[in-house]
Amino acid sequence: MAQFLAGTGFGSDLFSRVRRAVMPGADATVGRGSPEDRPLYQAVSLLLDYPDTALLERLPLIRELAGERGEVARPLLPLLDHLGSTPLTEVQQEYVETFDLRRRCCLYLTYFRYGDTRKRGVALVDFVQAYKAAGADLQAAELPDHLGVLLEFGAQHDLDRCRELLVRNRPGLELLRISLTDRGSAWAGALEAVSGTLPPIGGDDRDAVRRLVAQGPPDEEVGLEAFTSSSYLESGARP
């Protein structure tokens, strides 16, 4: 995604940053993520970005990053094969039709709970504050709850805080995975890989997923222009 400003990561090169970030000391318990998730999250972050020639050139490195996570990353392989064997214009059209035109395939995690309502603006503050606390400066080009941005944050800055936000928004994450799977989308593997790094879903979250599947996200539209401004992203102030 490359949504965080230079100088806030682990070095100048994207992939060397990730590898130097894979440090021992965290385990795969409910509260903490495995350090091996860092390269996986970076790989998925790149794969969830709008496809271009730069992405295609990085596919071998992304495959290598995914390989470092082992079995959990296996669902990424069909997506990598698809991207590598399909003309770029077709992949770009498929991406737009999948993520930009379908409410149930939205990449913005708070959208699934709040839609385009004012409550969503408050929820976005949680992401902004998490990034600021870790010293990560988010570029104003993207909303902070974009799944690719969050995964990049986990790979380069704070894996455990990223994991906490993923778990907090788990119902939306699961609806996105289910929706992509139902569509037969190659990107479903990206969501399957991320879900495979998280604790089993159950209880209230499982009920929330059922409601989302049945009803979809809220559809009240009020506009989020205020939340995409640079002043909002820099301040993290509540609306």
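This is a predicted model: local features need pLDDT of at least 70, side-chain atom pairs count only at pLDDT 80 or more; totals for chains, interfaces and linings use all residues.

**First stop: a proline**

Select Pro144: with a relative accessibility of 0%, this residue counts as buried (buried is under 20% relative accessible area, exposed over 50% and partly exposed in between, using a 1.4 Å probe and protein chains only). You'll find Pro144 in the loop between α7 and α8.

Residues are numbered from 1 along each chain as its sequence is written, and side-chain values use heavy atoms, with hydrogens and water left out.

**Zoom out**

Show the whole protein chain as a cartoon. How many helices and strands are there in the protein chain? There are 13 helices and zero strands (both are DSSP runs numbered from the N terminus: H or I of at least four residues for helices, E of at least two for strands). Of the chain's 239 residues, 50% count as buried.

**Helix α2 and its neighbours**

Color α2 (37-47) and helix α4 (residues 76-85). Their axes come within 12 Å and cross at roughly 40° (axes are lines fitted to C-alpha atoms, for helices over the stretch in contact, and angles run from 0 to 180 degrees between N-to-C directions). That makes α2 oblique to α4; angles under 35 degrees count as roughly parallel, over 145 as roughly antiparallel, 65 to 115 as roughly perpendicular, and the rest as oblique. The crossing of α2 and α4 is left-handed, a term for the near helix being turned anticlockwise from the far one by less than a right angle (clockwise would be right-handed). Show side chains here: Leu40, Ala43, Val44 and Leu47 in α2 meet Leu76, Leu79, Leu80 and Leu83 in α4.

Next, bring in helix α9 (residues 159-168), whose axis comes within 11 Å of that of α2, crossing at roughly 60°. So α2 is oblique to α9 as well, and this crossing is left-handed too. Which residues make the contact between α2 and α9? Look for Asp37, Arg38 and Tyr41 on α2, and Leu159, Cys162 and Leu166 on α9.

**Stay on α9**

Pick out Leu159, Arg161, Cys162, Arg163, Leu165 and Leu166, which are buried in α9. The buried residues of α9 pack against α2, α7 (118-133), α8 (147-156), α10 and α11. Then go to the start of α9, where a side-chain oxygen of Asp158 reaches to within 3.3 Å of the backbone nitrogen of Asp160. That is a polar contact: a pair of N or O atoms within 3.5 Å, where within protein one must be able to donate a hydrogen and the other to accept it, and residues adjacent in sequence count only if both atoms are side-chain atoms.

**A threonine in a loop**

Jump to Thr197, in the loop between α11 (188-195) and α12 (203-215). Is Thr197 buried or exposed? Thr197 is buried, at a relative accessible area of 7%. A polar atom of the Thr197 side chain lies 2.7 Å from the backbone oxygen of Val194. Leaving aside residues up to four places away in sequence, Thr197 touches Asp37, Leu40, Tyr41, Val72 and Arg163.

**Last stop: the rings**

Finally, show the aromatic side chains. Rings of Phe, Tyr and Trp (its six-membered ring) pair if their centres lie within 6.5 Å; planes under 30 degrees apart count as stacked, over 60 as edge-to-face and the rest as tilted. By this rule there are six aromatic pairs. One of them is Tyr50 with Tyr95, edge-to-face at 5.7 Å centre to centre with 85° between the planes. This pair links distant parts of the chain: Tyr50 is in the loop between α2 and α3 (53-67), and Tyr95 is in helix α5 (residues 88-100), 45 residues apart. Tyr50 is partly exposed at 38% relative accessibility, whereas Tyr95 is buried at 6%.

Now select Phe99 and Trp187: their ring centres are 5.6 Å apart and their planes are at 75°, so this pair is edge-to-face. Phe99 sits in helix α5 and Trp187 in the loop between α10 (170-182) and α11, 88 residues apart. Phe99 is buried at 6% relative accessible area, and Trp187 is buried at 0%. Select Tyr50, Tyr95, Phe99 and Trp187 together to see the cluster that ring pairs link them into.

Technical notes
Contact means heavy atoms within 4.5 Å.
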